[in-house]
Amino acid sequence: PAEARPVLDLAAVAGADVPVGLLAACSSADYDRVLDGVDALLEARLLESTDPDHVRFPHDLVRDAVLASVTPPRRARLPEQIAGALLTLDADPERIAFHFRLAGARCATEAARGANRAGASALRRGAWASAQRQFTHAHELSTDVDGRCVALVGLGRAQRALGRVAEAGATLRTAIALARAHQLGDRAAEVTLALVGGGGRGVA
């Protein structure tokens, strides 16, 4: 069916294990037509079902071949489409941020905000290395001062929890200088609390 190829392209860009609901959320076709496309791809053994709600490629080589056949304009558009659908599905913040980054420069603002959200989520879970990675992305991508301050505070907290105390102190001092230079009183207060209120390794 006509829906099969768009579904295949979406699945290739979306990742290794793809929720069928995500494919439907990305499509302009109705759910049943998307399922028709999925069924055709399963029958052709281009996809396989891991459970009733997820599909994957049977081998990485198949996925690589599909990705190589997607035209550059479409491949540039799909990550933004996937990230937007993931937002509506309340998906993992790190996955959302990843696809916004894949979308490139036109989604840099969304990617930065997504990375800050993913970093905050990682801090709440105690996933310090993941938080450090996400806040680093956010700092690199943020074009506004407030976003950079948020990223630096989170990065400093993650570094401290990882036992990198000297780096954490330097990061937080950079954040407070930036906040004060741009008269961001609330952010300056937040950084001050982070500087005086934190612990050592394992405590953000």
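**Stop 1: the cysteines**

Select the cysteine sulfur atoms: the count of disulfides (pairs of cysteine sulfur atoms within 2.5 Å) comes to 0. The model is predicted, so local features need pLDDT of at least 70 and side-chain atom pairs count only at pLDDT 80 or more, while totals for chains, interfaces and linings use all residues. Residues are numbered from 1 along each chain as its sequence is written, and side-chain values use heavy atoms, with hydrogens and water left out.

Next, select C107 and C26. The closest cysteine sulfur to that of C107 belongs to C26 and lies 13 Å away, which is too far for a bond. C107 counts as buried at 1% relative accessibility; buried means under 20% relative accessible area, exposed over 50%, and partly exposed in between, with a 1.4 Å probe and protein chains only. C149 also counts as buried, at 0% relative accessibility.

**Stop 2**

Select residues 4–14 (helix α1) and 72–88 (helix α5). Helices are DSSP runs of H or I with at least four residues, strands are runs of E with at least two, and both are numbered from the N terminus. The two axes come within 10 Å and cross at roughly 75°; axes are lines fitted to C-alpha atoms, for helices over the stretch in contact, and angles run from 0 to 180 degrees between N-to-C directions. The helix α1 is therefore roughly perpendicular to α5, a class that covers 65 to 115 degrees.

Show side chains for P6, D9, L10, V13 and A14 of α1 and for R74, L78, P79, Q81 and I82 of α5, which make the contact (heavy atoms within 4.5 Å).

**Stop 3**

Select T71, in the loop between α4 (60–69) and α5. T71 is partly exposed, with a relative accessible area of 43%.

**Stop 4**

In which order do the 3 strands of the open sheet lie? The order is β1-β3-β2, with antiparallel pairing. Select β1 (17–19) and β2 (48–51), the edge strands, each of which pairs on one side only. Neighbouring strands are turned by 40° against each other on average, direction ignored.

Finally, select β3 (residues 54–56), which pairs with β2 in the antiparallel sense over 3 bridges; strands pair if DSSP finds at least two bridges between them. Within β3, V55 stands opposite S49.

Methods:
Angles under 35 degrees count as roughly parallel, over 145 as roughly antiparallel, 65 to 115 as roughly perpendicular and the rest as oblique.
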